[in-house]
Amino acid sequence: MPKPPTAARLRAARLESHGLRGGLPTVAEAVDRLGAVQAQDFTAAKWVLGARVPRSVAADVDAAIEAREIVRSWPLRGTLHLLPTDRLRPILAITGPRIRQQSTTRLRQLELDDETYLRARAVAEAELAGGVSRSRDELQAAWEAAGIDPGGQRGYHLIAWLARDAVVCWGPIEGRGQRLVLLDEWAPRPAAAEDRDETLAELFQAYIAGHGPATVRDFAWWSGLTLGDARIARAAVGDAVTALDEERLVATDAGWPADPAAPTPRATAALALAPFDEYFLGYTDREAVCDPAHVARVIPGGNGVFQPILVAGGRVVGTWRRGRGRDATSVALEGFDAASALDPAAFAASLRAWARFWGHELGRVTVA
C-alpha cells in the first residue's frame with residue numbers, strides 16, 4: 001500500500017481532480033467531472049462551475065440547462081443538485097426511497113400523507129402536461145385552488161417529493177431561477193433501465209474523478225447512500241479507481257499514484273470560490289484543506305450555510321463577500337488569522353474572472 005501523501009501533494013491532487021488547476025472545457029463537462037454540484041443556492045452553484053471553466057459566463061450554465069445537458073433536482077442528501085441529465089433517473093431510483101424514508105417525520109409534522117401527495121401529483125401532472133412549465137408560485141396556486149394547502153413548507157416538500165419520484169424537475173430558466181416541468185417531457189425515459197450496481201459504480205467513479213483523493217466514507221456522506229451501498233459501489237467500479245494510500249482513492253487515469261516520489265506540482269493561483277463549493281463541501285473530513293479551528297468561519301453557527309471561500313496553495317485561508325447596492329461590484333476579503341494575511345493582488349485574477357462571469361467589472365477589493 002502506498003505511503004500517505006504529504007498534505008501539499010493531497011491538495012494538489014484535489015485541485016487537479018476538481019478542474020481548478022488547468023480548467024475544464026465546458027459547463028457540462030465540469031458537472032460530469034464532479035458527478036453532481038450542490039445547487040440549493042442556484043447562484044452559488046453557477047460560480048462553482050464558472051470557477052472551473054475559464055472564460056465562461058453565467059449564461060453558459062443557463063444554456064447547458066436549456067439544452068438539457070444538465071438538470072437540477074433533488075437526487076442526493078435531500079438537497080438540490082445539478083447533475084448530468086442522463087444520470088438523474090438511475091440515481092433517483094436508488095436514493096429517492098431512502099430520502100423519502102428519512103423525510104417521514106417531517107412530512108408527518110406537515111400533515112402530508114400519501115393521499116395528499118397523490119392528489120397533488122394529479123394536479124401537477126395536469127398543470128404541466130404538454131410541455132407546459134410553471135413557477136413554484138403558480139403550481140402552489142393550482143394546489144390551493146384544488147383544496148391542497150401549500151402553506152408553510154408544505155408546497156416545497158410536495159415539489160421535492162414529486163422530484164424524488166421522477167415526476168418533475170426544474171426546467172426553463174426564468175430570471176434568477178427556474179420553472180417546473182414534467183421530467184418525462186423534459187428528459188424522456190431511456191429505452192432500458194440501468195442496473196443498480198452499474199449506477200452505483202458510475203456515481204462512485206464520477207465522485208472520485210471529481211473529488212479524489214477521497215474515501216469510501218466521503219462518498220457515502222456526499223451521496224447520502226449507506227456505507228454498505230458505498231462499499232458495493234467501490235467494488236463495482238473495479239480498477240477505474242486506484243488507492244493513493246490506505247483509505248483515499250483517485251481516478252486511475254489521473255496518474256497520481258504512478259510516481260509518489262515525483263515533485264509535487266506548484267500550487268494553483270489563489271482562488272475565490274463560491275459558497276458550497278465542492279472543494280470544501282464534498283467531504284466528511286475537511287482537515288486536509290482547512291484547519292479545523294477555522295471551519296466555523298466557513299459554516300458560522302454550524303447552520304448549514306456555507307460562506308464563499310478563499311483558497312491559496314490548496315488551503316482554505318479565509319472568506320470573502322461582495323458589497324451591496326451601489327457597491328455590489330466591490331469585494332471584501334477576510335483571512336482567518338494573522339498567519340493567513342491576505343494579499344488582494346493574489347486573488348485579483350480569480351475575482352476578475354468572477355466579475356466577468358456575472359457581466360460586470362471588478363470594483364474595489366479590500367481586506368477586513
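This is a predicted model: local features need pLDDT of at least 70, side-chain atom pairs count only at pLDDT 80 or more; totals for chains, interfaces and linings use all residues.
By class, 13 nonpolar, 8 polar and 6 charged residues make up the lining of the second largest pocket.

To centre the view, pick Ala51, Pro54, Ala349, Ser350 and Ala353, the closest to the pocket centre among its 27 lining residues. The volume of the second largest pocket is about 470 Å³.

Proceed to the largest pocket, with a volume of about 570 Å³. Of its 20 lining residues, Thr43, Ala44, Arg322, Trp354 and Trp358 lie closest to the centre. Helix 3 gives the most to this lining, with 4 residues, and strand 10 (315-322) supplies at least two. The lining comprises 13 nonpolar, 2 polar and 5 charged residues.

Next, display the largest nonpolar core, which has 54 residues; Val316 and Trp320 touch the most other members. Helix 3 (residues 42-50) is the main contributor to this core, with 6 residues. A second, separate core of 32 residues has Val71, Leu92, Ile208 and Tyr283 among its members.

Return to Val316 and show its contacts beyond four places in sequence: Phe280, Val289, Cys290, Val298, Ile309, Leu310, Val311 and Phe336.

Is Cys290 buried or exposed? Cys290 is buried, because its relative accessible area is 1%, under the 20% cut-off. Cys169 also counts as buried, at 1% relative accessibility. The structure holds 0 disulfides.

Methods
Residues are numbered from 1 along each chain as its sequence is written. Side-chain values use heavy atoms; hydrogens and water are left out. A nonpolar core is a set of buried Ala, Val, Leu, Ile, Met, Phe, Trp, Tyr and Cys residues joined through side-chain atoms within 4.5 Å. Buried means under 20% relative accessible area, exposed over 50%, partly exposed in between (1.4 Å probe, protein chains only). Contact means heavy atoms within 4.5 Å. A disulfide is a pair of cysteine sulfur atoms within 2.5 Å. On a 1 Å grid over the protein atoms alone, a cavity is a set of points where a 1.4 Å probe fits but cannot get out, and a pocket is an open set with protein on both sides within 12 Å along at least five of seven lines; lining residues have an atom within 4 Å of a point. Grid points are joined across faces, edges and corners, and a volume is the space filled by probe spheres set on the points. Ala, Val, Leu, Ile, Met, Phe, Trp, Tyr, Cys and Pro count as nonpolar, Asp, Glu, Lys and Arg as charged, and the others, Gly among them, as polar.
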